[in-house]
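These are my notebook entries on a structure that I examined residue by residue. I set down what I looked up and what I found.

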Amino acid sequence: MTHKSIDVEAAKLLGYAHCIKYQALPIRRDKNHLWVALVEPHNTTKLADLADITGMHIVPVMWHAERIRIHTEQLMAPEALNHIASQFIVDEQLRYNTGLNSTETLEEISSAPAVRLIDSLIESGIANRASDIHIEPFGKQMRTRCRIDGHLHTYSNVDISLHASVISRLKIMGGMDISEKRRPQDGRFSLSLKGKKIEFRLSTLPTVFGEKAVIRLLYDHSSRLKKTELGFFEDDLAQLTTLFNKPYGAIIMTGPTGSGKSTTLNSFMAELNHDSVNIVTVEDPVENPIVGINHTNVERAADVNFTSVLRHVLRQDPDIIMIGEIRDEETADIAIRAAITGHLVLSTLHTNDAAGVIERILDMKIEPYLASAALIGVVSQRLVRRICTHCRMPATLLLHHAVQLNLTEISQVFEGSGCDSCSGTGYKGRLAVYEYIIMNDEMRRSMSTQPYQFAETLRGKSTFKATAIRHLLAGHTTVQEVLQILG
């Protein structure tokens with residue numbers, strides 16, 4: 001049974017608090033009968049209590065405790081958060097109205113609800129594979145949202161009285177100044193949950209309603225994708241693998257923020273990482289360290305920027321240099337010259353397509369003959385949501401969608417119906433829609449003599465749309481995702 005097939009109204013008859021207390025979850029009702037999933041279906045005391053609470057005849061069904069917990073969280077996440085919020089409000093009223101003087105008691109009352117709320121948010125985020133958690137104050141409410149597979153989903157709206165304690169608690173966890181509320185701050189902390197260490201990056205930003213906080217979740221190395229899991233087709237992956245195994249030259253990854261550029265670079269670097277190779281990275285900040293690779297953080301406060309670090313990196317006998325992002329002319333110049341002098345240089349740029357990399361490098365005052373000599377490949381990618389493999393089913397391709405995608409033949413497409421594995425969304429994970437350019441001698445000649453015309457020629461031969469449609473017809477993603485990524 002999926003959570004979509006559970007009668008939500010039946011589940012609400014018991015409520016979150018009682019579901020947790022009795023390890024029970026109503027799954028169906030019929031007139032005066034209520035089917036309830038229970039860990040102990042033969043416990044007559046529990047059955048009597050549940051009958052009193054719901055006013056219905058209980059039909060017990062045996063489920064495992066973990067299954068009940070997962071379904072309860074999925075169905076009642078907002079109620080769970082409101083339950084914690086209501087406890088917080090009661091505690092605050094007790095604090096200010098009962099004349100408590102014990103410092104220890106006051107600290108326990110004020111911090112416990114915030115701790116429970118933050119724990120609930122983080123646990124739910126991890127359970128749903130979230131990359132970010134947003135905590136936002138708006139008037140009389142505080143909204144919490146999770147970004148899952150690139151899309152933001154509202155978790156709950158709770159009373160604004162929670163906000164100050166939640167932000168203060170997060171600041172303490174992140175090693176930030178809790179008294180400073182007028183300036184943006186950054187912090188970090190880590191937790192070990194279910195045997196996995198997870199790093200959290202915390203950012204606060206003052207808004208007209210109060211401080212907004214965003215928590216970025218960075219999962220451990222066991223969650224790092226292998227290059228075969230990124231979404232590249234086998235024939236393209238073989239060519240890219242050959243490209244990344246070149247001894248020298250510059251390979252540039254491009255795409256908008258959040259398009260998976262760093263993930264792709266890290267996946268290929270993990271394969272290049274062995275004892276006979278010295279790999280050094282310059283990043284801002286280091287998010288996914290790989291054992292065996294020398295990661296260096298940019299520290300603007302200490303005047304340690306990409307340019308200054310790169311000069312020192314070149315004295316460290318590197319074979320491969322990864323630059324988090326080429327942001328200015330000086331960094332671009334050092335990177336290009338390093339690629340020409342026998343190093344493999346990997347980096348990222350923010351451009352709309354692969355051809356845009358050529359134009360951006362030229363705009364950074366790099367001479368065309370140097371750029372053409374250094375550049376060996378460009379990879380441009382964006383991400384689409386992957387159809388859940390557990391609930392994938394055939395879908396109908398509408399005529400106007402077929403026309404938009406230039407599909408003249410009747411094609412089979414797929415969608416996800418929603419299940420436990422994907423939390424009812426029909427999607428689980430993401431994959432790359434991409435295009436790439438591997439430079440050859442003829443292309444280098446064109447780039448060195450007529451660089452901007454060369455870029456336009458490349459743009460006219462873009463394979464980005466073809467890759468997106470290939471994923472669609474292979475049943476990896478949906479029509480809606482492809483149309484969105486193609487604009």
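**Entry 1**

The model is predicted: local features need pLDDT of at least 70 and side-chain atom pairs count only at pLDDT 80 or more, while totals for chains, interfaces and linings use all residues. Residues are numbered from 1 along each chain as its sequence is written, and side-chain values use heavy atoms, with hydrogens and water left out.

Met269 is placed in helix 8; helices are DSSP runs of H or I with at least four residues, strands are runs of E with at least two, and both are numbered from the N terminus. Met269 has 0% relative accessibility and counts as buried. I use buried for under 20% relative accessible area, exposed for over 50% and partly exposed for in between, with a 1.4 Å probe and protein chains only. From Met269 to Met322 I noted 53 residues in sequence and 8.8 Å in space, C-alpha to C-alpha.

Thr264 is also in helix 8 (residues 261–272). Its relative accessible area is 2%, and Thr264 is buried. Neighbours within four places aside, Thr264 is in contact with Leu230, Phe232, Met253 and Gln381.

**Entry 2: Helix 9**

I listed the buried residues of helix 9 (residues 306–313): Phe306, Thr307, Val309, Leu310 and Val313. Why do they lie on the same side of helix 9? They do so because they cover an arc of only 165° around the axis, the arc being that of the directions from the helix axis to the C-beta atoms. The packing partners of these buried residues are strand 11 (279–283), strand 12 (294–297), strand 13 (320–323) and helix 10 (329–340).

**Entry 3: Rings and charges**

I searched the whole structure for aromatic pairs and found five. Rings of Phe, Tyr and Trp (its six-membered ring) pair if their centres lie within 6.5 Å; planes under 30 degrees apart count as stacked, over 60 as edge-to-face and the rest as tilted. Tyr434 and Tyr436 have ring centres 6.4 Å apart and planes at 20°, so this pair is stacked. Tyr434 is buried at a relative accessible area of 1%. Phe232, Tyr434 and Tyr436 are linked into a cluster by ring pairs.

I then checked charges over rings, for which NZ of Lys or CZ of Arg must be within 6 Å of the ring centre and within 35 degrees of the ring normal. Arg28 lies over the face of Trp35, 3.9 Å from the ring centre. Arg392 has its charged end over the ring of Phe414, at 4.3 Å from the centre.

**Entry 4: Cores and totals**

The largest nonpolar core has 40 residues, of which Ile358, Ile366 and Leu375 touch the most other members. Such a core is a set of buried Ala, Val, Leu, Ile, Met, Phe, Trp, Tyr and Cys residues joined through side-chain atoms within 4.5 Å. Apart from this core lies another, of 26 residues, including Leu230, Leu240, Val277 and Ile376.

For the protein as a whole, I recorded 17 helices and 18 strands. Of its 487 residues, 46% count as buried.

Note on methods
Contact = heavy atoms within 4.5 Å.
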